[in-house]
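My points are set out below the structure.

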Amino acid sequence: DQRPTCSAGRRVSESSEPTGSFSKGLGQWLGTAEVYGPDGVFLGEGRDTRSVEADDGAGTITVNVSFEGPFSMAGQYTIADRGTHRLYQGPLNYGFAEVLGDGLVCAHNYWSKLGMSQRFFLMVLPDGTRQLSLALISRAEVLKYVVVGEYLRQTDETRPAPLPAARHEGADEAEMLLRRPGSWVGELTVLDGDLAPIETVEYCESIAQTTAGLAVSVEGVHFGRDASYSLVTTPTEAWTPTGDVIGSLNMVGGRGQSGHLLHHREETRVWLREVAALDGTMKGVVQMWYRGEQRIGAMYGALSFEGA
């Protein structure tokens with residue numbers, strides 16, 4: 001049996017802390033982005049610079065952004081900070097973001113200069129100096145770009161932190177960081193359907209390679225039972241045969257993936273989005289859980305990799 005096993009046990013703690021207003025995202029950030037087409041083909045690298053400043057007493061945040069890559073844009077937009085959510089008020093960016101925690105926002109927004117909509121998450125890693133992001137950029141219902149980003153906080157303008165090291169021009173042929181044999185372990189925060197904190201769970205996802213693809217085992221699933229399932233894989237896709245967990249995922253560059261998995265015994269569905277750091281040591285995980293079209297909760301956090 002090639003099924004992986006998780007060595008970590010499950011520890012549950014109650015949580016009553018508010019979700020916060022993403023204060024960890026303030027500051028100066030410099031990053032690199034890998035840009036992919038809708039078919040998962042690498043289109044090129046981008047340089048992303050952002051300045052995020054709170055307007056004292058006004059309840060607003062001003063963002064200056066410059067992105068240069070396979071597509072380019074630059075400009076400013078204002079955010080109205082409502083604590084549990086944010087309103088992007090233009091002129092460069094319009095939309096709505098939910099604040100899942102002090103280090104995570106999930107947005108549905110519109111880039112006016114591109115004429116495209118975006119489903120996006122931005123997560124500050126626990127050390128507070130790095131961010132990971134995944135952007136699914138569409139025009140109407142047609143996916144145009146997938147952008148995987150990593151950013152470093154700039155603490156001294158006279159001595160800027162270096163850009164995260166880009167891997168190489170053939171990023172679509174890079175190591176599949178999210179599919180390596182081993183385990184991703186750590187704590188995930190659990191939220192209810194209104195995104196209020198419920199608890200923190202110890203989570204473990206173990207991966208083993210099979211002839212057809214991968215065998216996956218997960219422990220610490222708040223909205224269902226622990227599960228094992230198989231994935232048939234290509235470099236840009238993964239899907240399950242029949243089983244208790246069924247669904248499919250898209251993969252870009254071995255670092256970013258998104259898709260839906262149905263836990264049909266529990267009658268729940270998870271929209272899963274993940275990004276691995278360039279050094280492969282951590283990944284950011286965002287899970288939105290549904291029963292039908294009703295969101296019943298969310299899980300998120302940063303997991304560390306332990307090789308097999």
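This is a predicted model: local features need pLDDT of at least 70, side-chain atom pairs count only at pLDDT 80 or more; totals for chains, interfaces and linings use all residues.

1. Searching the whole structure gives four cavities of 30 Å³ or more. Two of these are described in the next points.

2. The largest cavity has a volume of about 380 Å³. Its lining is made up of 27 residues, and those nearest the centre are Arg50, Tyr77, Trp111, Gln118 and Phe120. Two or more lining residues come from each of strand 3 (42–55), strand 4 (60–68), strand 5 (73–81), strand 6 (85–91), strand 8 (104–111), strand 9 (116–124), strand 10 (130–139) and strand 11 (142–154). Strand 8 contributes the most, four residues.

3. Strand 13 (197–209), strand 18 (256–263), strand 19 (268–276) and strand 20 (282–291) each provide at least two of the lining residues, and strand 19 has the largest share, with three. By class, eight are nonpolar, two polar and two charged.

4. The second largest pocket has a volume of about 170 Å³. It is lined by 14 residues, with Leu136, Leu143, Asn250, Ser258 and Gly259 closest to the centre. Strand 10, strand 11, strand 17 (245–252) and strand 18 each give two or more residues to this lining. The largest share, five residues, belongs to strand 18. The lining of this pocket divides into seven nonpolar residues, six polar and one charged.

5. Is Arg130 buried or exposed? This residue is found in strand 10. Arg130 counts as buried because its relative accessibility is 13%, and the cut-off for buried is under 20%.

6. Which residues is Arg130 in contact with, leaving aside its neighbours within four places in sequence? The contacts of Arg130 are Trp29, Met123, Val124, Leu125, Glu150, Tyr151, Leu152, Ala277, Asp279, Thr281 and Met282. Glu150 and Asp279, both on that list, belong to the charged class, as does arginine.

Technical notes. Residues are numbered from 1 along each chain as its sequence is written. Side-chain values use heavy atoms; hydrogens and water are left out. On a 1 Å grid over the protein atoms alone, a cavity is a set of points where a 1.4 Å probe fits but cannot get out, and a pocket is an open set with protein on both sides within 12 Å along at least five of seven lines; lining residues have an atom within 4 Å of a point. Grid points are joined across faces, edges and corners, and a volume is the space filled by probe spheres set on the points. Buried means under 20% relative accessible area, exposed over 50%, partly exposed in between (1.4 Å probe, protein chains only). Contact means heavy atoms within 4.5 Å.
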